[in-house]
Amino acid sequence: MTGLSMLNAGTTTELLLTLFRVKGVIHYGIAGNADPQLEIGDVTIPRYWAHTGLWNWQRIGDGPDDELALESNGDYTRKIGFLKFSNFSTVDTKTETSVDNLLNNVWYQPEEIFPVDGTPEIRQHVFWIPVDKHYFSLAKKLEGLKLERCLNSTNCLPRAPIAVRVQRSVSANVFVDNKAYREFLQSTFNVTSIDMETAAVALVCLRQKIPFIAIRSLSDLAGGGSALSNEAATFAVLASQNAATALVKFISLL
């Protein structure tokens, strides 16, 4: 019930940790899928989360060997990776050549955090945020969990959904319904699920030193599937039910 977006999710988490004596945070919901080896309805439990919406947008004419604006101050980095827009330009079929793009490159950046146990006013940088080790170990017991396969008697998934621990997933204030960007995220960062909130929850918990884990059920192959519509319009209800089923089981393991 955080509401849409990183800001709402982060603010809600901060309020919960301020108003209640929270021992741990279990965040759950649905997500887009970046891994074609998994299917709609599968429940993923990632080991790491990252926010992929913090960028340094490089000026036209500069490239990978050129220092970013304010990089020398330690504000930005070229260590994580970048997206070159011209790599996704359509090719002139007559000349079979592509041209550069005025949008140039965006470089992915780590978040600045100020942990409660850190030195006041001294920032730390983090891109991949780990979930709690104990929680992640417990999540292995979710494998084999019985999950919903059918919306009704005539609308069923090709196979029974599974619960699986995965390595990486990402969040940003972007609803990804684009095959090219989904494939870029998967090949560049080896991610499984893509959503709009979880990394914000993870960042708040990291800063506050509160154990955290997220459970996300896949509602669609981001930018894939039918050419007519996003599968989430059909399978969001089933995916939500599977996420809730995994949540209840996980709580019973604590």
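Predicted model: local features only at pLDDT ≥ 70, side-chain atom pairs only at ≥ 80, totals over all residues.
A pocket is an open set of grid points with protein on both sides within 12 Å along at least five of seven lines. By class, the lining of the second largest pocket divides into 10 nonpolar, 5 polar and 1 charged residues.

The largest pocket has a volume of about 850 Å³. Its lining is made up of 34 residues, with Thr-2, His-27, Tyr-28, Gly-29 and Arg-216 nearest the centre. At least two lining residues come from each of helix 1 (6–19), strand 1 (25–33), strand 10 (193–195), strand 11 (212–221) and helix 5 (232–253). Strand 1 supplies the largest share of the lining of the largest pocket, 8 residues. In this lining, 18 residues are nonpolar, 10 are polar and 6 are charged.

The cysteines were examined separately. The model contains 1 disulfide, formed by Cys-150 and Cys-156, whose sulfur atoms are 1.9 Å apart. The link of Cys-150 and Cys-156 is right-handed, with 110° about the S-S bond. Cys-150 has a relative accessible area of 31% and is therefore partly exposed; Cys-156, at 34%, is also partly exposed. Cys-205 has a relative accessibility of 1%, and because buried means under 20%, Cys-205 counts as buried.

Technical notes:
Residues numbered from 1 in each chain as written. Heavy atoms only, no water. Disulfide = S-S within 2.5 Å. Buried < 20%, exposed > 50% of the residue type's maximum accessible area, 1.4 Å probe, protein only. 1 Å grid on protein atoms, 1.4 Å probe; cavity = no way out; pocket = protein on both sides within 12 Å on 5 of 7 lines; lining within 4 Å. Points joined across faces, edges and corners; volume = space filled by probe spheres on them. Helix = DSSP H or I, 4+ residues; strand = E, 2+ residues; numbered from the N terminus. Nonpolar A, V, L, I, M, F, W, Y, C, P; charged D, E, K, R; others polar.
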